[in-house]
Amino acid sequence: MKKSVYVVLTLLLVLTGLFIPSEEVAAEDGAALKRVQDEGVLVVGTSADFPPFEFYAEVDGERQVVGMDMMIAQKIADDLGVDLEIQDIGFDSLLPALEARNVDIVIAGMTPTAERRKSVDFSEIYFKTFQNIMIRAEDKDVYTSIESLKGLPIGVQSGSLQEGLAEQIEDAELMSLTSLSDLLLALKTNRIEAMVMQGPNAEAHAGNDEDLFTFVGEFEMEDDDAGSAVAFRQGEDSLVTAVNESLAEIAEQNLTDDYLVVAGEYMVQSETDEDGEEVETGFASDYWQYFWDGTKITLLISAVSVFFGLILGAILALMRLSKTALFRFFATAYIEFVRGTPMLIQVMFIYFASGMFFNLPALTAGIIAVSLNSGAYIAEIIRSGLNSVDKGQEEAARSLGMGKNDALRHIIFPQALKNIWPALGNEFITIIKESSIVSVIGVGELIFQTRVVRSISFQGILPLFITMMVYFVLTFSLTKLLNFYEGRMNHD
Amino acid sequence: MIKVNHLKKSFGKNVVLKDINEEFNQGEVVVVIGPSGSGKSTFLRCLNLLEEPTDGEVVFEGTALTGLKEKDLNELRQKMGMVFQQFNLFPHKTAQENLTIAPVKSKGVSQASAERKAVDLLNQVGLGDKVAAYPASLSGGQQQRVAIARALAMDPDVMLFDEPTSALDPEMVGEVLKVMKDLAQSGMTMVVVTHEMGFAREVADRVLFMDDGYIVEQGTPEHIFTQPTHERTQDFLAKVL
Ligand SMILES: Nc1ncnc2c1ncn2[C@@H]1O[C@H](COP(=O)(O)OP(=O)(O)O)[C@@H](O)[C@H]1O
Ligand SMILES: [Mg+2]
């Protein structure tokens with residue numbers, strides 16, 4: 001065991017060395033721009049829960065990420081003469097995805113703060129904005145200024161510009177969450193008294209929800225903080241220059257105003273859906289497609305991961321029981337390492353680390369990560385199952401002249417399977433639930449779709465409830481199915 | 001048929017078999033007796049290499065088993081049936097499947113002929129009506145008879161028994177011994193570790209007395225049971241008879 005600890009640590013150090021970015025950013029002469037143009041596609045990372053800048057809407061019956069930023073992205077792609085591909089990723093993961101080369105640029109209403117400038121480069125500011133305070137409509141006569149919020153619980157999106165601004169509210173108790181939908185829900189359920197939100201975004205929400213009210217907050221801001229810019233990997237100056245040219249044109253012709261009008265129309269579309277009698281019955285029929293798509297992806301990830309997890313687990317278990325010390329050591333190190341690190345980090349690591357070498361779609365990366373993770377757990381289940389079979393069984397098989405493999409396959413394994421069936425079923429159910437973690441890299445599974453529905457429907461709780469029910473139906477039916485097969489294996 | 005030369009076996013520092021030289025001939029029934037822990041099971045298990053001997057050799061039908069490749073060893077093991085104290089039937093298979101799995105998977109016998117043979121053998125051990133029964137639904141005596149039939153299904157040249165009746169309730173011992181007697185009468189070569197002195201007296205051609213890792217004394221049943229020459233044999237028999 002001691003030896004394995006040592007080797008695992010060495011392995012870790014080597015890996016760390018591999019992924020520490022080299023400080024030196026090579027000057028480039030048009031390489032970045034040429035790369036994008038050679039590939040013929042500009043991959044833009046965004047976080048599509050930020051109307052009117054980026055959000056989902058039905059366009060000609062098809063669900064798309066739309067909004068002002070996306071129209072800017074389209075203009076940039078057009079000017080570069082390439083196609084546009086949009087990747088929807090959680091806001092927190094955008095800059096890692098950029099640095100790991102999963103995307104070419106990031107357009108997500110992102111403010112070029114000094115902190116962010118340390119790791120990425122920014123274009124000129126393409127949209128000057130203001131910052132709002134969001135409160136419950138019923139409080140609109142009580143909370144009228146920043147001063148009136150003194151000492152109260154205030155919500156902000158974690159890692160956002162607003163998180164810094166909220167410090168200007170005296171004695172405020174800050175509640176930082178990743179998702180704006182969650183923050184709005186916290187506001188409506190009285191967990192917080194107010195939120196600091198980007199101006200147009202706050203207006204979009206207040207305009208769609210009569211329980212909410214928003215007003216401009218008089219924060220002191222540095223010039224840079226007052227707007228959104230496009231983010232680039234450091235050193236890709238040719239791309240920055242090209243994008244700045246497009247942005248200059250947009251500014252000249254005042255195109256953002258037009259873009260906002262178009263974006264507003266998409267939002268109105270989702271608003272009318274909620275109008276009139278339809279509100280009661282309409283929710284499921286409007287959004288069931290999202291839940292259905294998410295459920296399919298969740299099932300796909302789970303089934304494929306369990307399949308590969310079983311194969312990997314069986315191999316690892318056999319390696320752990322092998323006579324060869326090297327196999328035993330490798331399997332043990334792998335299992336201990338995977339079990340000793342959070343799946344969230346594993347998913348992000350595989351996605352972002354792979355992005356440094358080749359382009360792995362998020363869904364594939366997610367499935368690989370979940371498979372690699374469950375392989376370790378299944379290996380331990382299989383190992384304990386093989387150990388649980390009485391030694392006499394193998395001896396009886398060998399005494400009949402059966403080879404090692406035949407004995408394992410026909411005698412030991414079927415009995416082990418019966419013993420570990422409940423534990424395997426548990427693992428399958430765990431995977432169904434835990435696979436939701438891949439939503440952090442933008443895989444459109446159930447949790448991800450729930451986030452989408454919450455942001456476009458301006459509904460906080462109902463989507464959560466529906467998702468909970470879907471998970472329950474999935475896991476409950478699976479339990480029943482597994483019990484059925486367990487019964488069929490039972491000959492006692 | 002089986003020749004054992006200078007067989008030694010230790011588990012770590014524990015030397016269990018010290019120097020065994022023995023020969024078993026075609027058609028012979030040999031009973032091995034001795035106090036618990038004297039190495040009887042280990043000796044028996046060394047004969048088909050379920051235990052790897054530490055030193056010495058085991059020659060079966062002219063081939064030294066010690067040092068054989070896995071595949072060749074498996075082929076020779078098919079000719080050495082073994083019956084265990086704890087039956088070790090395959091619980092996920094019916095009586096018939098217990099008898100067919102090894103012939104079909106390892107010997108290349110066709111499923112149909114293996115099944116026919118299984119039914120015959122189960123009839124032979126008096127369990128013709130238990131063809132489709134799972135082990136868990138059988139009594140200990142019935143399970144052990146299925147286990148004997150399972151070993152016979154491979155058409156072995158020799159049968160090794162390790163205390164086949166020790167785990168049975170007393171009323172079931174008789175039915176298993178009866179099957180073994182029939183087998184002996186049919187001319188099967190048998191090596192039987194047992195505490196059933198009656199069986200030894202009646203069926204054995206030769207009795208070996210083991211103690212402390214050696215074969216201390218051997219001879220016909222009459223010789224061993226009526227006029228044992230060795231003091232340790234006398235002590236042992238005084239206790240069990
Ligand atoms: N697999 C094993 N590992 C370690 N020691 C063993 C093993 N099998 C048997 N022994 C030891 O060998 C000695 C002889 O055991 P065994 O052959 O079972 O005796 P018997 O069958 O005559 O009662 C005992 O001391 C026992 O503890
Ligand atoms: Mg014994």
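Two residues are in contact when they have heavy atoms within 4.5 Å of each other. This is a predicted model, where local features need pLDDT of at least 70 and side-chain atom pairs count only at pLDDT 80 or more, while totals for chains, interfaces and linings use all residues. Residues are numbered from 1 along each chain as its sequence is written, chains are lettered from A, and side-chain values use heavy atoms, with hydrogens and water left out.

**Exercise 1. Describe chain A and its annotated domain.**

Step 1. Start with the elements: chain A has 18 helices and 12 strands. Helices (H or I, at least four residues) and strands (E, at least two) are DSSP runs, numbered from the N terminus.

Step 2. Turn to burial, which means under 20% relative accessible area with a 1.4 Å probe, protein chains only (over 50% is exposed, in between partly exposed). Of the 492 residues of chain A, 52% are buried.

Step 3. Now find the domain. An unreviewed UniProt entry annotates residues 295-474 of chain A as "domain: ABC transmembrane type-1"; such annotations may be inferred rather than shown by experiment. That stretch is 82% helix and 0% strand, and its end C-alpha atoms lie 9 Å apart.

**Exercise 2. Work out how chain A meets chain B.**

Step 1. Count the residues: 20 of chain A are in contact with 25 of chain B.

Step 2. Look at the area. Buried area is the accessible area (1.4 Å probe) that two parts lose on being put together, summed over both. For chain A and chain B this comes to about 1900 Å², 59% of it on carbon and sulfur atoms. In chain A, Ser399(A), Leu400(A) and His491(A) lose the most area to chain B, together 32% of what that side buries.

Step 3. Check for salt bridges (a side-chain nitrogen of Lys or Arg within 4 Å of a carboxyl oxygen of Asp or Glu). The two chains share 2 salt bridges; one of them joins Glu395(A) and Arg45(B), at 2.7 Å from N to O.

Step 4. Find the elements involved. Helix H15 (391-399) and helix H16 (404-434) of chain A each give two or more residues to the side that touches chain B. The largest share, 7 residues, comes from H15(A).
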